[in-house]
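This report is meant for someone meeting the structure for the first time.

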Amino acid sequence: MNAEKHFNPSALCRDESSRRLVAAAYEMIAERYVLARHQIGAALLDADGATHLGLHLDAMVGRAAVCAEAVALGVARMITRAPLVAVAAVRFPKPTEDEPARIVPPCGLCRELLLDHAPDLAAVISMDGIARRVPLSTLLPHKYVGTKWSADVAQSPPTSAPS
Ligand SMILES: [Zn+2]
């Protein structure tokens, strides 16, 4: 099966910004896919309308791997302090898999990380074959709240570098 022929963001997404994010994540991973190295691409939308891409980095030792969403978050924060609005990720199939690419939700670690940096972030997830935008916080009830950051920083990440 040709993954490109069967993955259609326009058919999956009902709103234009989700379609753009899913298409951006898909196009990047379709171009950068390498078996056992890069399988997922992510796209992160900021409040200024810019899209920041991230590529999953697999590793020999599984826990050393870095998710595409985490890479996209780092890329976004290198470029802008604008609030982050929405994230989407697409998994590209292995050559042995007879299935198209698919939208994947953030893993548990990424839910924690993304919500630490963007409490109001939405995630584009697939439900019954349709992409829907949901508040990421609904995918991680009772999120961990530590004492490392003050409560106001945890609620609203700093918008400028500390002086
Ligand atoms: Zn993850």
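## A cluster of rings

F7, Y26, Y33 and F92 are joined into a cluster by ring pairs, where rings of Phe, Tyr and Trp (its six-membered ring) pair if their centres lie within 6.5 Å, and planes under 30 degrees apart count as stacked, over 60 as edge-to-face and the rest as tilted. This is a predicted model, in which local features need pLDDT of at least 70 and side-chain atom pairs count only at pLDDT 80 or more, while totals for chains, interfaces and linings use all residues. Residues are numbered from 1 along each chain as its sequence is written, and side-chain values use heavy atoms, with hydrogens and water left out.

The structure holds three aromatic pairs. In the pair of Y33 and F92, the ring centres are 5.2 Å apart and the planes meet at 40°, so this pair is tilted. The pair links distant parts of the chain, 59 residues apart, with Y33 in the loop between α3 (16-32) and β1 and F92 in the loop between β3 (84-91) and β4 (102-103). Both Y33 and F92 are buried, a word that here means under 20% relative accessible area, with exposed meaning over 50% and partly exposed in between (1.4 Å probe, protein chains only).

## Overall layout

The chain contains six helices and six strands, which are DSSP runs numbered from the N terminus (helices are H or I with at least four residues, strands are E with at least two). Followed along the sequence, these elements give the pattern α-α-α-β-β-α-β-β-α-β-β-α.

Of the 163 residues of the chain, 37% count as buried. Among contacts between residues at least 6 apart in sequence, 56% join residues at least 24 apart, a contact being heavy atoms within 4.5 Å.

## Salt bridges

Side chains of opposite charge can pair when their charged atoms come close. A search of the whole structure finds eight salt bridges, each defined by a side-chain nitrogen of Lys or Arg within 4 Å of a carboxyl oxygen of Asp or Glu. One of them joins R133 to D15, whose closest N and O atoms are 3.9 Å apart. Because R133 lies in strand β6 (residues 130-135) and D15 in the loop between α2 (9-12) and α3, this pair ties together parts that are 118 residues apart in sequence. R133 is partly exposed, with a relative accessible area of 34%, and D15 is also partly exposed, at 28%.

Another salt bridge is formed by R32 with E31, where the closest N and O atoms are 3.7 Å apart. R32 has 48% relative accessibility and so counts as partly exposed, whereas E31, with a relative accessible area of 60%, is exposed. E99 is partly exposed at a relative accessible area of 30%, and R102 is partly exposed at 40%.

The side chain of D46 does, however, reach the backbone nitrogen of D48 at 2.8 Å.

A42 is also found in strand β1, and its relative accessible area of 0% means that A42 is buried. Its contacts, not counting residues up to four places away in sequence, include A25, M28, H52, L53 and A88. Although A42 and H52 are ten residues apart along the chain, their C-alpha atoms are separated by 8.2 Å.

## Cysteines

The structure holds zero disulfides, a disulfide being a pair of cysteine sulfur atoms within 2.5 Å. C13 has 9% relative accessibility and therefore counts as buried, whereas C107, at 31%, counts as partly exposed.

How values were computed. Polar contact = N/O pair within 3.5 Å; in protein donor to acceptor, adjacent residues only side chain to side chain.
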